[in-house]
Amino acid sequence: MYIEKINSPKDLKSLSLLELEEVSKEVREAVLYRISKKGGHMGSNLAVVELTVAMAYVFDFPKDKVVFDVSHQTYPYKILTGRAYGFMDEKRLSEISGFSSPEESPEYDVFKVGHTSTSVALATGLQKARDMLGGNERIIAFIGDGSLSGGEAFEGLDLTAEIGSNMIIIVNDNEMSIPENHGGLYENLKTLRETKGEAKLNYFKSLGLDYIYVEEGHNIKCLIDAFEKVKDSDHPIVVHVHTIKGYGYEPAMRDKEGYHHAVPFDLKKGNGAMSFDDFGECYPALLGKYVAKKAKEDEKVVVVATGAPGATGLPPKVRQPLGKQYVDCGIAEECATALISGLAKGGMKPIWNTYGTFIQRAYDQLVQDLCINGNSAVINLAGCSIFGMGSITHICFFDIAMLSHIPNLVYIAPTTWEEFVAMEDWAIDQDKYPVAIRLPHIKVVHSQEKYDTDYSRLNTYKMVKKGSRVAIIALGGFFQKGESVREKLLSFGINATLINPRFISGVDKKMLEELKKDHELIVTLEDGCLDGGFGERISRFYGPSNLKVLNFGVEKALYDGYDLNELLEKSHLKDDLIVSDIIKTLG
């Protein structure tokens with residue numbers, strides 16, 4: 001095998017074209033092997049194998065610098081930069097991250113990258129620094145998979161044209177985002193593909209950028225010729241490469257959206273497509289079907305997605321029947337926030353399903369475009385949990401600190417599916433507030449309880465069990481943990497009060513004041529970060545009093561690939577540890 005002997009891109013320089021093609025075959029097999037064992041981003045990585053081999057052959061890495069967008073396309077690059085063991089040795093798969101990582105390879109990985117549309121803007125900083133320091137390294141920005149739809153991508157392209165020096169922008173156009181592409185920009189890319197790059201209307205040229213087109217994105221010779229042509233350009237140039245998502249693996253080419261990210265699977269059976277149907281009942285799948293049902297019942301409902309609809313229960317079979325009542329903004333959360341505000345103002349009932357880690361991109365728009373104007377849009381947030389995605393670029397449990405402090409945004413947390421339905425129905429039909437709903441992430445919990453249908457009396461908590469000495473305020477998906485802790489406390493002779501706070505963004509001053517009469521300790525449980533979190537709001541209320549407060553959550557940190565059990569142990573979030581801390585505090 002060739003790739004076993006490739007420790008750096010320099011090892012490619014002496015190979016013939018036929019040998020480079022063999023390297024590409026081996027790289028693709030290694031990518032498939034890793035994903036079949038561990039899961040990971042699949043279609044986009046398979047699409048750039050030849051492109052990456054040609055890039056590594058022509059450019060002088062690590063002197064030259066490449067910045068990948070999202071990291072959905074970094075696997076072949078990792079294999080060619082001394083990390084093939086993470087794709088071939090089953091015992092070492094976990095040594096390699098699914099994302100660009102300087103800790104893993106400080107020589108070759110310039111930035112930690114996991115969110116989208118950032119590569120060109122990051123590369124402009126390298127471009128400007130090189131120019132000011134008198135360097136001669138080439139700067140490459142690698143972008144694709146719908147990342148051009150994000151506003152920061154435009155800003156980066158706009159700026160690199162202004163800086164004006166050497167920058168190669170590789171646009172990997174596999175005709176897809178995560179699902180299908182949306183937006184006028186992608187219509188122009190389609191036109192450019194159809195005219196082999198000759199169309200007069202050219203998005204990149206309109207920004208002042210030079211441009212070439214490569215139709216055969218899996219032809220190594222064509223790619224090498226293109227890179228040789230542009231590598232020493234004294235100005236920014238876009239290399240627009242047409243590839244096929246999932247190339248080289250038939251199931252991934254047939255189901256491009258399903259195989260964007262694959263779960264561990266059998267390569268021969270081809271059963272790795274990501275689908276919630278494989279996981280049994282889960283909240284995102286229920287969410288997608290429910291909002292689709294609401295749209296069918298009410299023509300004013302508009303369902304909004306931002307480039308990753310499948311992750312929030314909107315696969316093609318759910319979203320396509322929605323027709324005009326469905327809008328995908330692409331990977332542009334800022335635009336989506338303004339869109340739902342405008343839809344609400346225009347008399348519609350917008351529902352935006354997104355992931356907690358992605359809404360971070362839209363903080364200013366949440367404040368300025370939505371909440372200041374007070375328009376009654378609904379945002380459903382999935383994945384907000386320490387049980388969710390664990391890579392450093394996709395941490396999903398900072399949402400409480402971010403959203404609950406925005407004035408005029410009502411942030412609520414259901415404890416069961418039925419409570420979510422009650423809250424969602426109210427949020428859609430009310431017209432006074434923007435409402436965000438934090439969907440539980442762990443196992444779906446059902447209940448026969450009759451839930452309130454009107455939540456307009458803001459910040460009113462629900463006392464589920466009345467006790468004394470200890471009051472447990474258990475938020476959202478951690479309510480069941482509160483129930484378990486309360487049961488365990490009974491064996492210590494403590495009949496604790498159990499409260500479902502429902503509202504994340506405010507406190508029930510009347511109920512909290514009442515607890516002072518016959519309680520010694522208040523315990524808060526939240527599936528999120530302690531700093532700036534829900535529990536700190538409760539602690540602040542009781543600060544001037546004699547009541548003690550214990551807050552349970554996770555410490556603020558940049559977690560990366562954490563072991564869930566270790567995190568639960570360290571954070572004292574296991575039921576027995578919570579009970580132990582309560583008993584110790586009571587003395």
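At 77% relative accessibility, Leu 133 counts as exposed, because exposed residues are those over 50%. This value, like the others in this report, comes from a predicted model. Leu 133 belongs to helix H6, which spans residues 119-133. Between the C-alpha atoms of Leu 133 and Ala 305 there are 43 Å, and 172 residues separate the two along the chain.

A contrasting case is found in helix H10, residues 220-230, where Ile 220, Leu 223, Ile 224, Ala 226, Phe 227 and Val 230 are buried. These residues lie on the same side of H10, because they cover an arc of only 165° around the axis. In an α-helix there are 3.6 residues a turn, so residues three or four places apart point the same way. The buried residues of H10 pack against helices H1 and H3 and against strands S4, S5 and S6.

Two packed helices are described by the angle between their axes and the distance between the axes. The table gives the residues on each side of this contact.

| Helix | Residue range | Residues in the contact |
|---|---|---|
| H1 | residues 17-38 | Leu 20, Val 23, Ser 24, Val 27, Arg 28 |
| H3 | residues 49-58 | Val 49, Glu 50, Val 53, Tyr 57 |

By type, the residues of the contact of H1 with H3 comprise six nonpolar, one polar and two charged. The axes of H1 and H3 come within 9 Å and cross at roughly 130°. The two helices are therefore oblique to each other, and their crossing is right-handed.

Definitions and conventions:
Residues numbered from 1 in each chain as written. Predicted model: local features only at pLDDT ≥ 70, side-chain atom pairs only at ≥ 80, totals over all residues. Heavy atoms only, no water. Axes fitted to C-alpha atoms, helices over the stretch in contact; angles between N-to-C directions. Helix = DSSP H or I, 4+ residues; strand = E, 2+ residues; numbered from the N terminus. Parallel < 35°, antiparallel > 145°, perpendicular 65-115°, else oblique. Left-handed = near helix turned anticlockwise from the far one by under 90°. Contact = heavy atoms within 4.5 Å. Nonpolar A, V, L, I, M, F, W, Y, C, P; charged D, E, K, R; others polar. Buried < 20%, exposed > 50% of the residue type's maximum accessible area, 1.4 Å probe, protein only. Arc of directions from axis to C-beta.
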